[in-house]
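Thank you all for coming; I would like to take a few minutes to walk through one structure with you. Please have the sequence and the model in view as I go.

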Amino acid sequence: VCTGGGPGIMEAANQGASEAKGENIGLGISLPMEQFNNTYITHRLNFEFHYFFMRKFWFLYLAKAVVIMPGGFGTMDELMEVLTLVQTNKVIKHLPVVLYGSDFWGKVLNLEVMVDFGVISPEDLDLFHVSDSVDDAFDFITCDLTEHALAQPGGSL
């Protein structure tokens, strides 16, 4: 598990991984109004970045899938960066993206308007999956990774 290292849902993800005896990563950012990274992060994998672009690079470099929870400007910045890089094929690996919480994302994002104005393609709406349940998000990610990331009989990765 790799999170932004903060409190709330990020801390819960790091705590779950820690309690399952898994190593987990925290990629914090130096901000004047933020506290330190949470205590559940594997000690040697607890990082703090000064620049957002470097932090986002490491998020994507390490990711096999991305789950984005409701959040503020930083979350929107990370979401748009991921979608832009996937849309423009700058991320070479297949990267399933889940937006968790349809009520939040339905109110915050109206990407259909961008399609209507012709600034993104209708297919770009397929770059992510919106989910309201852990089971659905898990099923989407595992099915997607099984189809795109695992070796197929007679094929290669």
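By class, how many nonpolar, polar and charged residues does the lining of the second largest pocket have? Before I answer, a word on what we are looking at: this is a predicted model, in which local features need pLDDT of at least 70 and side-chain atom pairs count only at pLDDT 80 or more, while totals for chains, interfaces and linings use all residues. Residues are numbered from 1 along each chain as its sequence is written, and side-chain values use heavy atoms, with hydrogens and water left out.

The answer is nine nonpolar, four polar and four charged residues, where Ala, Val, Leu, Ile, Met, Phe, Trp, Tyr, Cys and Pro count as nonpolar, Asp, Glu, Lys and Arg as charged, and the others, Gly among them, as polar. By a pocket I mean, on a 1 Å grid over the protein atoms alone, an open set of points where a 1.4 Å probe fits, with protein on both sides within 12 Å along at least five of seven lines, and lining residues have an atom within 4 Å of a point. This second largest pocket has a volume of about 240 Å³, the volume being the space filled by probe spheres set on the points, which are joined across faces, edges and corners. Of its 17 lining residues, Val86, His94, Leu95, Asp126 and Leu127 are the closest to the centre.

The largest pocket has a volume of about 1600 Å³. Its lining is made of 48 residues, and those closest to its centre are Cys2, Thr3, Gly4, Met10 and Val67. Helix H2, with six residues, gives the most to this lining; helices here are DSSP runs of H or I with at least four residues, strands are runs of E with at least two, and both are numbered from the N terminus.

Let me turn to the salt bridges, each a side-chain nitrogen of Lys or Arg within 4 Å of a carboxyl oxygen of Asp or Glu. The whole structure has five of them. In one, Arg55 pairs with Glu78, the closest N and O atoms being 3.0 Å apart, and because Arg55 lies in helix H2 and Glu78 in helix H3, the pair ties together parts that are 23 residues apart in sequence. Arg55 is buried, at 7% relative accessible area, whereas Glu78 is partly exposed at 23%; buried means under 20%, exposed over 50% and partly exposed in between, with a 1.4 Å probe and protein chains only. Glu81 and Lys56 also form a salt bridge, at 3.2 Å between the closest N and O atoms, and Lys56, Asp77 and Glu81 are linked in a network. A further salt bridge joins Asp103 and Lys107, at 3.4 Å from N to O, and these two residues are four apart in helix H4 (residues 102-108), so about one helical turn separates them.

Lastly, which residues other than glycine have a positive phi? Lys21 has a phi near 65°, and Asn89 one of about 60°. Most residues other than glycine have a negative phi. Lys21 sits in the loop between helix H1 (9-19) and strand E2 (25-29), and Asn89 is placed in the loop between helix H3 (73-87) and strand E5 (97-100). Lys21 is exposed, with a relative accessible area of 75%, and Asn89 is exposed as well, at 59%.
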